[in-house]
Amino acid sequence: MSNETIDLKTRLITDFHAREAVLNGEASSEFHQKKREGLARFEKLGFPSIKHEEWKYSNVRDLISVSYDFNAESSIGLAELEDLKVPAQEANILYFVNGRYDASLSTIISPVEKITISSLAEAYKNDPAKVASFFNELTKDAEDAFTALNTAFTQDGVFIHIPDNQSVEHPIILRFVSDAREQHVGSQPRNIIWVGKNAHVKMAEAFRTLGDQRSFTNAVTEIHVAEEANVQYYKVQNESENAYHIGTTQVRMLDRSHFYAGTVTLNGKFTRNNLNIVLDGEHCDAHMYGLYFPDGSQHVDNHTVADHQKPNSESNELYKGILRDKSKGVFNGKIFVRPDAQKTNAFQSCKNIVLSPDATMNTKPQLEIFADDVKCSHGTTTGQIDEEALFYMRSRGISQPEAMSLLMFAFCADVVSQIKIDSIREYLENVITQKLASK
């Protein structure tokens, strides 16, 4: 382990104890006890190296080689955010700048008597017992240093509660902005989503950057999906060339619930997305879609888990990537079928186009099946653009750059089409079109 790694780890642990020393009575609360457990786990695990199987192809040495200000103040206003906005749609829009909720930039339009949408800090202030009961419940056993680090340093994020039988008419869009105009900044937002029985919600997380200094986002989202609930969850990353992002989304589904996830990585220096879904009920269905476009020296790593624990459930997964220049991509998809999960259907596919001889794609699909009455499959392909299709289009008068863009956009379409929040889907279509036409 390098000196930088030891220094950053030590600085973080020292900072935790310094904060703890001024908490007074709050240090004995259930919430803080969970944070302390997170620190102990982080202390034990330390930052991962490429010797760790889960990080074999994703070296975090550069990420942790500098210090970040996790308490950086920001003076961002609406005018400065104008270029970062997704096209307008009537929605609940919450802004988090350097990990902290900014009420002056946010708009909540859903009726407060029907649902709870607030910052995590405000929710804890109003009802500490409720927030503490959900905090870290889905991630407490995770053997992941960055999740443990987030748990230890949780200060803000979002707390959403959709009561039983409520359908949220307007999407909930969480916009996380790193203000890296003046210094290296870090943020560790923690999001808790509690969706009640037979409740319905569409929500999205969007990550952007201002400035060209380094930013490090270490985000964790816990989503509790009750019986018969329906959740559509999207994550869009369009960060800077100096942005480092590690995000973990942990989901637990109960009987007859439905969960749809779409993860799109458009830009960022180093990105690691962990999407872990536990199907802890019968007749659940989970759908996971992913899309990524690394170029230059960018690195994108997607790790997914579909953990079938009860019978008669289904998961479907489709991830696609287009890699250019000297970029690197990683996909590791795991499917677990536990002994009680008979009559499980689980399908996984990862498809990639590599446009440069210097680009690298590492894929590792995994199946672990402990039941005998199941239908499971996985597959992965990595190749170049379809030369026959390209020749066909060229023969009809379409220029090579335009033909390439059209073919690659078609390659992306079956993922983008799964995004049901119109403004986000239209935004992605425009950005993808520009990105594909840029080279």
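This is a predicted model: local features need pLDDT of at least 70, side-chain atom pairs count only at pLDDT 80 or more; totals for chains, interfaces and linings use all residues.
1. Helix H6 spans residues 145-153 and is mostly covered, with nine of its nine residues buried. The buried residues are Ala145, Phe146, Thr147, Ala148, Leu149, Asn150, Thr151, Ala152 and Phe153.

2. The N-terminal end of H6 is capped by Asp144. A side-chain oxygen of Asp144 lies 3.2 Å from the backbone nitrogen of Phe146, and Phe146 is itself one of the buried residues of H6.

3. H6 packs with helix H2 (residues 30-45): the two axes come within 7 Å and cross at roughly 145°. The crossing in which H2 passes H6 is left-handed. On the H2 side the contact is made by Lys34, Lys35, Gly38, Leu39, Arg41, Phe42 and Leu45; on the H6 side it is made by Ala145, Ala148, Leu149, Thr151 and Ala152. By class, the residues of this contact divide into seven nonpolar, two polar and three charged.

4. H8 passes H9 in a right-handed crossing. H8 contributes Ser405, Met408, Phe409, Cys412 and Val416 to the contact, while H9 contributes Arg425, Glu429, Ile432, Thr433, Leu436 and Ala437. Seven of the residues in the contact of H8 with H9 are nonpolar, two are polar and two are charged.

5. Pro401 is found in helix H8. Its relative accessibility is 54%, and the cut-off for exposed is over 50%, so Pro401 counts as exposed. The C-alpha atom of Pro401 is separated by 7.2 Å from that of Ala437, although the two residues are 36 apart along the chain. Ala437 is one of the H9 residues that make the contact with H8.

6. Asn273 has its place in strand E13, which covers residues 270-279. Is this residue buried or exposed? Its relative accessible area is 5%, and buried means under 20%, so Asn273 is buried. Leaving out residues up to four places away in sequence, Asn273 touches Lys235, Gln237, His245, Gly247, Thr263, Thr265, Asp301, Asn302 and His303.

Key
Residues are numbered from 1 along each chain as its sequence is written. Side-chain values use heavy atoms; hydrogens and water are left out. Buried means under 20% relative accessible area, exposed over 50%, partly exposed in between (1.4 Å probe, protein chains only). Helices (H or I, at least four residues) and strands (E, at least two) are DSSP runs, numbered from the N terminus. A polar contact is a pair of N or O atoms within 3.5 Å; within protein, one must be able to donate a hydrogen and the other to accept it, and residues adjacent in sequence count only if both atoms are side-chain atoms. Contact means heavy atoms within 4.5 Å. A crossing is left-handed if the near helix is turned anticlockwise from the far one by less than a right angle, and right-handed if clockwise. Ala, Val, Leu, Ile, Met, Phe, Trp, Tyr, Cys and Pro count as nonpolar, Asp, Glu, Lys and Arg as charged, and the others, Gly among them, as polar. Axes are lines fitted to C-alpha atoms, for helices over the stretch in contact, and angles run from 0 to 180 degrees between N-to-C directions.
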